[in-house]
Amino acid sequence: MPRPSTRPDRTTGSARSNGTEGTDGSRRPVAAVWPFRPTVRYGGQVAKALRLETVGGVIMLLAAVAALVWANTPWSDAYYDLQKFEISPHWLNIGHMDVAHWASGGLLAVFFYLAGLELREELTHGELRNPRDAALPVLAATAGVVLPAVLFLIVSAGADGASRGWAIPTATDIAFALAVLAVTFSACPAPLRAFLLTLAVVDDLIAITIIALFYSDALDWGWLALGVALIAVFGTLQARGVRSPWLYAPLALLAWYCVLRSGVHATVAGVALGMLTSPRESPDGRPTNAERADHFLRPFSAGFAVPVFAFLSAGVTLSVSALGDVFTDRIALGVIVGLVVGKFIGVFGGAWLAVRFGLATLGAELHWREIAGVAMLAGVGFTVSLLIGGLAYTDPSQLERVTTAVLIASVLASAAATVVFRRRTRARAQLSD
């Protein structure tokens, strides 16, 4: 019998309620997995709440709405001044870094570190450990990256700078998509959530690879070599079972800094470090390095890092004329078509073809209508799409149209998925009666 996942269940804020299996085959109680004893009662309650997918998604949504409201008031200049406020200590020697760049290159590195943890967990204990089981979400994710890029290039063909934005509609936002699924599909079967999680993690891995290959500045090979060496030391210590966070934190910060200086986008360092964080259990039943890192960093990511990035990225003008510009700009239209249409056809079509040609199997608890809902939900490209949009376009007006297009597409994709999941909830309720 395969070992149950030890990944923290974010719907409860702790390990899975039935405990986890130790290396000796015994069952460890939840309290042994997360010995979290906050010194301040309410601080602990807040941290626990921030591990819930719905809470993190709502905070991110509120941050985006706040940015939209502020950017459309008479005080909008103050919002843009905040975005461009420069924080570049001379001793760091990193050039001109404003608040928006710190959010995308610094805070999002924490988000991608957690994405790396998720991917490592899936490879070790989850859907990706068995190639046959992994084939369905992996092939669906791959098709869900290729087709949106193709549709974007078709729709935007001939527009100035179109070739730079092809990757914008390729990404799915993990946090937002899982939050929408949790809120709208109360009867969601566990395999469907695992399908979406694996799909989004693979999707983000492809996206971060695209960023590293196509959206990095001129490389400084010396700094890159030093960054790779530090990441290798981090991985070696993890493999040897070293547990001290006081050793890992400086190593991670130095690796992030070296990758940033090299010209590669610093979020790549986050993913690499996350994938190298050990999920191996210790004989005494203590939480793994991956579990501890997830436990302490997820509240920071959900409650601060991602919302701050969303706040600093989502503020765009929503006047009638500005919205009209979006629907007459072929690049913005390409983003909308890629996310709403391309993601759905790519993910659903990729899954269907994989099953049709015997490359994968559809689990007994899954239904094609539910797969269709997930395929629609994959069009929520919020965080990573905004990140790639900011890397692809530096012209403020073009970036504003692209940002608006991502927001429109994410709303449309969420609404379409909500309709499907509400119907599936009623259908499952009728079957259980």
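A salt bridge here means a side-chain nitrogen of Lys or Arg within 4 Å of a carboxyl oxygen of Asp or Glu. Keep in mind that you're looking at a predicted model.

Searching the whole structure turns up 5 salt bridges. Another of them joins D203 and K343, with the closest N and O atoms 2.4 Å apart. D203 lies in helix α8 and K343 in helix α14, so this pair ties together parts 140 residues apart in sequence. Both of these residues are buried. Then there's E370 with R424, at 3.4 Å between the closest N and O atoms. Here the link runs from helix α15 to helix α17, 54 residues apart. E370 is buried, with a relative accessible area of 0%. Salt bridges that share partners also join E118, D294 and R298 into one network.

Now step back to the whole chain. It has 17 helices and 2 strands, and buried residues make up 52% of its 433 residues.

Finally, look for the largest pocket, with a volume of about 1100 Å³. Its lining has 40 residues, and A100, H101, S104, G390 and L391 lie nearest the centre. Helices supplying at least two lining residues each include α5, α12 and α17. By type, the lining divides into 20 nonpolar, 13 polar and 7 charged residues.

Methods:
Residues are numbered from 1 along each chain as its sequence is written. This is a predicted model: local features need pLDDT of at least 70, side-chain atom pairs count only at pLDDT 80 or more; totals for chains, interfaces and linings use all residues. Side-chain values use heavy atoms; hydrogens and water are left out. On a 1 Å grid over the protein atoms alone, a cavity is a set of points where a 1.4 Å probe fits but cannot get out, and a pocket is an open set with protein on both sides within 12 Å along at least five of seven lines; lining residues have an atom within 4 Å of a point. Grid points are joined across faces, edges and corners, and a volume is the space filled by probe spheres set on the points. Helices (H or I, at least four residues) and strands (E, at least two) are DSSP runs, numbered from the N terminus. Ala, Val, Leu, Ile, Met, Phe, Trp, Tyr, Cys and Pro count as nonpolar, Asp, Glu, Lys and Arg as charged, and the others, Gly among them, as polar. Buried means under 20% relative accessible area, exposed over 50%, partly exposed in between (1.4 Å probe, protein chains only).
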